[in-house]
Amino acid sequence: MPPLPIWSSAMSEFSHPTVRLPSGERVPQLGQGTWGMGESVRMRKDEVAALRLGIDLGLTLIDTAEMYGDGVAEEIVAEAVEGRRDECFIVSKVLPENSTRAGTIAACERSLRRLKADRIDLYLLHWRGRPRLEETLSGFEALSDAGAIRYWGVSNFDIKDMEELCALEGGTACATNQVLYNLRRRGIEAGLLSWCRGRGIPIMAYSPIEQGRLLRDRVLTAVAIRHRATTAQIALAWALRQPDMMVIPKSATLEHVRENRAALDIRLTDQDLAELDRAFPPPKRPRPLELL
Ligand SMILES: NC(=O)c1ccc[n+]([C@@H]2O[C@H](COP(=O)([O-])OP(=O)(O)OC[C@H]3O[C@@H](n4cnc5c(N)ncnc54)[C@H](OP(=O)(O)O)[C@@H]3O)[C@@H](O)[C@H]2O)c1
């Protein structure tokens with residue numbers, strides 16, 4: 001596989017790197033996730049404060065889903081973006097069991113109510129379920145025509161699913177494929193990543209620090225020491241080195257949000273990348289897409 005391009009993202013007016021969606025619109029490369037938010041009333045204030053700080057720092061791409069906290073994560077997003085909705089690019093997702101045409105429309109209406117919003121910027125099918133893709137696509141198109149969503153996309157789609165989707169009428173309008181990608185989960189480098197790149201569909205990388213399981217790694221620690229950074233920052237900088245990939249770490253801790261933002265300023269060297277490749281080898285051959 002050819003070496004992946006090193007950092008050269010387009011910069012937005014706020015000097016944050018951005019990723020181009022197929023429509024030409026640019027969104028921040030580094031965003032914020034919300035899985036795990038909304039599960040404890042005690043944490044709510046911290047979660048809202050963390051998202052607000054992230055927005056202040058330019059992390060205005062916010063990923064949520066009807067599934068997270070059974071909808072409460074969307075309510076937390078609503079609270080965090082209050083008065084600043086237009087600065088933010090909100091992504092939400094429909095569960096597969098709701099993804100018939102009518103089910104998708106109804107799920108989106110529920111999400112909009114929880115988000116206290118009149119539109120979702122990017123609406124994804126969370127993963128493939130039983131309903132036919134045509135059904136979901138038709139629901140997305142109806143929502144788009146009504147102005148309830150601006151773009152639609154998918155999540156956890158492997159190459160075969162993407163091929164099926166793109167063969168459908170209107171299927172190539174897919175704005176992203178959100179998939180698991182981090183140092184320990186590099187499978188997409190053996191196929192899906194270049195498949196999507198070839199069609200101008202950007203990847204949105206979820207669980208970029210493997211839900212915290214990468215934090216104590218010895219090699220990451222060594223690289224982090226050289227950069228006077230944390231292991232989380234190195235894991236993020238590693239994913240962010242690819243200018244056409246959005247990355248959405250979740251954090252409900254103010255200090256972590258600041259750290260994550262600062263990961264945008266880290267440039268990994270060839271030596272860093274070689275050490276990381278040895279510790280976390282890229283895939284030699286295609287393998288099925290992993291999910292969490
Ligand atoms: N489409 C899908 O199927 C799918 C699946 C999984 C995730 N996602 C999306 O992707 C987002 C991110 O993935 P994720 O939440 O699974 O995992 P993640 O972002 O890799 O890791 C989140 C964990 O890392 C901790 N953390 C964050 N920044 C840190 C830092 N600088 N230092 C130390 N710890 C740090 C967080 O704790 P603190 O909160 O204390 O900072 C949290 O425990 C999700 O929230 C969700 O929006 C989508």
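# A tour of the pocket, the ligand and the cavities

Start with the lining of the largest pocket, which has 14 nonpolar, 14 polar and four charged residues. Here Ala, Val, Leu, Ile, Met, Phe, Trp, Tyr, Cys and Pro count as nonpolar, Asp, Glu, Lys and Arg as charged, and the others, including Gly, as polar. The model is predicted, so local features need pLDDT of at least 70 and side-chain atom pairs pLDDT 80 or more, while totals for chains, interfaces and linings use all residues. Residues are numbered from 1 along each chain as its sequence is written, and side-chain values use heavy atoms, without hydrogens and water.

**The largest pocket.** Select Trp 35, Ser 207, Gln 211, Pro 249 and Lys 250: of the 32 lining residues, these are the closest to the centre of the largest pocket. The volume of this pocket is about 630 Å³. On a 1 Å grid over the protein atoms alone, a pocket is an open set of points with protein on both sides within 12 Å along at least five of seven lines, and lining residues have an atom within 4 Å of a point. Next, colour α9, which supplies the largest share of the lining, three residues.

**The ligand.** Show the ligand, which sits in the largest pocket (more than half of its atoms lie within 2 Å of the grid points). Around the ligand are 28 residues, and Asp 63, Ser 251, Ala 252, Thr 253 and His 256 come nearest. The shell holds 10 nonpolar, 13 polar and five charged residues. Helix α9, residues 254–262, gives the most to this shell, with three residues.

Now look at oxygen atoms of the ligand. A polar side-chain atom of His 256 lies 2.6 Å from one. At Thr 34, a backbone N or O atom is 3.1 Å from an oxygen atom of the ligand. For His 126, a side-chain N or O atom is 3.4 Å from a ligand oxygen. The protein covers 89% of the 900 Å² of accessible area that the ligand has on its own (Shrake-Rupley method, 1.4 Å probe).

**The cavities.** Last, hide the ligand. The structure holds three cavities of 30 Å³ or more, a cavity being a set of points where a 1.4 Å probe fits but cannot get out. The largest cavity has a volume of about 50 Å³. Select Leu 180, Arg 185, Gly 187, Ile 188, Arg 287, Pro 288, Leu 289 and Glu 290, which line the largest cavity. By class, this lining has four nonpolar, one polar and three charged residues.

Definitions and conventions
A residue is near a molecule or strand if one of its heavy atoms lies within 4 Å of it. A polar contact is a pair of N or O atoms within 3.5 Å; within protein, one must be able to donate a hydrogen and the other to accept it, and residues adjacent in sequence count only if both atoms are side-chain atoms. Helices (H or I, at least four residues) and strands (E, at least two) are DSSP runs, numbered from the N terminus. Grid points are joined across faces, edges and corners, and a volume is the space filled by probe spheres set on the points.
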